[in-house]
Each structure stands twice: as structure tokens, then as C-alpha cells.
Amino acid sequence: MIRRAQCLLRLHGNGGHSLVSRLRCYATDEGNPKQNPNPNPRAQKPGTKNLPALRNPFTAAQDRTKNSYLTMVEIFQERDVHRRNHVEFIYAALKNMADFGVERDLEVYKALINVMPKGKFIPTNMFQAEFMHYPKQQQCIIDLLEQMEDCGVMPDHEMEAMLLNVFGRQGHPLRKYWRMMYWMPKFKNLSPWPLPDPVPDDTLEMAKLALERMCTVDLRSKITVYETSELKDAIDDTWIVSGMSPEQEKLLREHSRQKALYIEGPFHIWLRNRRINYFTLRADADSEFLSQLDERQLDEDDVSHIEVPFFGRAPPRRHNQLGKLRSVHQQDDGTIMAICATGTSTKDSLLSWIRLLEANGNPSIGEVPVLFRFTSEVPAKAEEIEGGASVPATSDSSSQDELNSSRAK
């Protein structure tokens, strides 16, 4: 009781006034670095030198180059020893990579991994290893590796050492790295149509690569580049890349003069991150010929009627051994006569394509009616092809008169 009374007297005496005065001084002088050596960064005045945590320096940069990008990463590393808000900084850097053109640069990804503090996130027991020790930081680097995989950037052994120093051998980012190093080399050279890295910026070269890829169904296909300046009355001065095989030329010669041909498109083919528009010269399917093929088609695996020769008698000859074979260009929905890609993808360039085909070894195309059938998912593209006219997404336009007038000229 005596001790309790002494404590109450001290609180109500001078000691109590000193405690209250200390609390008041701490509350009023919170922003003074002399009395408060560790101030709250959110309570700082806007005139301080430290940058705010939520600021994105990449959006305010004017010189968007690789050097400026790496310079901002170095500034962030040297700004603070503890590297606070490093996760938010890495996410902001990943988001703005495409603006600086460094989304396919391995050096930049390694610089971002080097931002992470070393040794602090390494798990020390099996529970920390399996329950994802420091999950926010590990998920950040996993997202960085995912972006590398999406962009086709293959890591190297130096990145493995960096991840090992940051998260240890049991870290989830290192497991992700090992899976990438197992699968990415397998798929890197698996495509039968390899592309240069980086792909060329010239649209003409990209169109050649696209048509060469599509024409591999017939190894005898030939890629030809025409110039519309070869024609006298051509409006568009552009290039035309055309793909046609001798088999297609034969099908075009044998095509009935009473049945029309259709120019369809634009269709899209993607070469990495580049899209190329192309058009096809197509005829309706020969239903009579296809029905005959279905009747003569035999199932080689059917063992219900096995014809076995006896006493030296030759086996009966099948009735379809001398029949007409089906070409790879004769599909169920139509026969592909030729494909092309033009520099402008306009109707005039397609008219020039037909006239150039007629002048270069295909005179029979001048006796066949040719119709335009434009199909586009984007209405603006259809309007551009039609020259500003209102055209629906799928349209059939009879342009035989226009073709005849252009040929007559």
C-alpha cells in the first residue's frame, strides 16, 4: 500500500508533468530530425529531398532509351541502403519496358533482379521453403521470369547465380528458372519455319517470309514480287508478293470459264509480334469430283473383305488405281489458286495482281469472271479497302466490269 501511494504521488507531482510534457514535445516536434531521428516518411513535408514511395520515374522520363532505363535502376539502388519499396519499383519497371524498347533485353532483366536485397529472403528451414518465405518478393521475381518467357528471352547461368544469392536453392524463383531452362531450349529451334531474330522492319521482307511459310504445303510453289509500276493504268504505286505453284497453274487452266473466281481477305498471319494481311484467289469446290473421291475411297484398316489370291491367280485390280488424284490445294470449302500480299491492301492493288498474273503465264484468267469477297473483322479495314464506302463485315461485290475495263486499257 505504501509503494502504491508513492507511485500515485509521483504521477500527480513533478514526474507526471514531465511525462506529459515529453509526450507533447514528441507530438509537436515529430518532423524535427534533431529530436526525432526516425520520422515517419508519410508525415514529411513536400519539400524534403527523399522521393515519395509511389512515384513512377519511368512515366516522367523523356529520353526513353536503354541507357536512361538502366540509369534509373542504378539511381534507385544507390538512393537507399535498405532499398525500400523495391517490389513496387520492379513492377513499375516491368510495366514500362515496352515504352523503352527493352522488353527483350536480358541485361535489363538481370539489372532488375539485382535490385533485390541479398541474403535476407533465403529460407532457413523446411517450413519457410515450402510455405514461400517472403511471398511478395518471390512472386515479384516469378512475374519477372514469366514476362521473360512471354517475350522469348532465355536466361543464362549468371541469372541462376543471382537468384541463388537472393532466394537460396529452395526459393520458388529458382525453381521457375530451372523449369524455363529445361523447356525453352527445346522449343527455341523446334519451329520448321525459323525467323531471324530480330525480325526485319521492312514490310516487304515480312510479306516474303509469310508467303514462304504458307506455300510450304507445296514444295514447288514459287514466290514472285511484282511492282504495280509495270502496269500503265495502276493507281497504287506499291509492291505485290504472289505465291503460286505449277499445280495451281494447272488447276487454273482447267477451271471452267463459266464459274467465277473470288478474291477473299484480308486474312491475318502473325510472325512473332508482326501481323501481315494476305488475300487468296479461290474457286468453289468441285463437288462432283469430291463425291467421286468419297465413293472410291477405301478403308485400309477394314478387314471384313480381304481379297486373297488362290492358285497363282492375281488379286483383283482396284478400280481407283488409275483415278484422278486430289491436289493439296483442293479443299472441301474451295480450291486455292493463288495467294498474295500487297503493300496497301486496296482494291486497286488486287486488280493489278490479277492483271500481272494474266500477263505472266496465266492467260486463262482473263476469260474467267473475278469477284471480290472481302471479309474483315475490323469494319475500318473493310472501309479502307473499299475506298471509304460503307461495306459490311462480309460482302460480295461483282467487279467483272471493272476488271474488263482495266484489261481493255
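**Rings, charges and helices**

Modeller: The charged end of Lys186 lies over the ring of Tyr182, 4.7 Å from the ring centre. This is a predicted model, in which local features need pLDDT of at least 70 and side-chain atom pairs count only at pLDDT 80 or more, while totals for chains, interfaces and linings use all residues. Residues are numbered from 1 along each chain as its sequence is written, and side-chain values use heavy atoms, with hydrogens and water left out.

Colleague: What makes a charge sit over a ring?
Modeller: NZ of Lys or CZ of Arg must be within 6 Å of the ring centre and within 35 degrees of the ring normal. Arg373 also sits with its charged end over a ring, that of Tyr262, 4.0 Å from the centre.

Colleague: Why is the pair of Phe58 and Phe89 called tilted?
Modeller: Rings of Phe, Tyr and Trp (its six-membered ring) pair if their centres lie within 6.5 Å; planes under 30 degrees apart count as stacked, over 60 as edge-to-face and the rest as tilted. Here the centres are 5.4 Å apart and the planes stand at 40 degrees, so the pair is tilted.

Colleague: Why is helix 6 called roughly parallel to helix 9?
Modeller: The axes of helix 6 (residues 106-113) and helix 9 (residues 157-167), lines fitted to C-alpha atoms over the stretch in contact, come within 10 Å and cross at roughly 10 degrees. Angles under 35 degrees count as roughly parallel, so helix 6 is roughly parallel to helix 9.

Definitions and conventions. Axes are lines fitted to C-alpha atoms, for helices over the stretch in contact, and angles run from 0 to 180 degrees between N-to-C directions. Helices (H or I, at least four residues) and strands (E, at least two) are DSSP runs, numbered from the N terminus. Angles under 35 degrees count as roughly parallel, over 145 as roughly antiparallel, 65 to 115 as roughly perpendicular and the rest as oblique.
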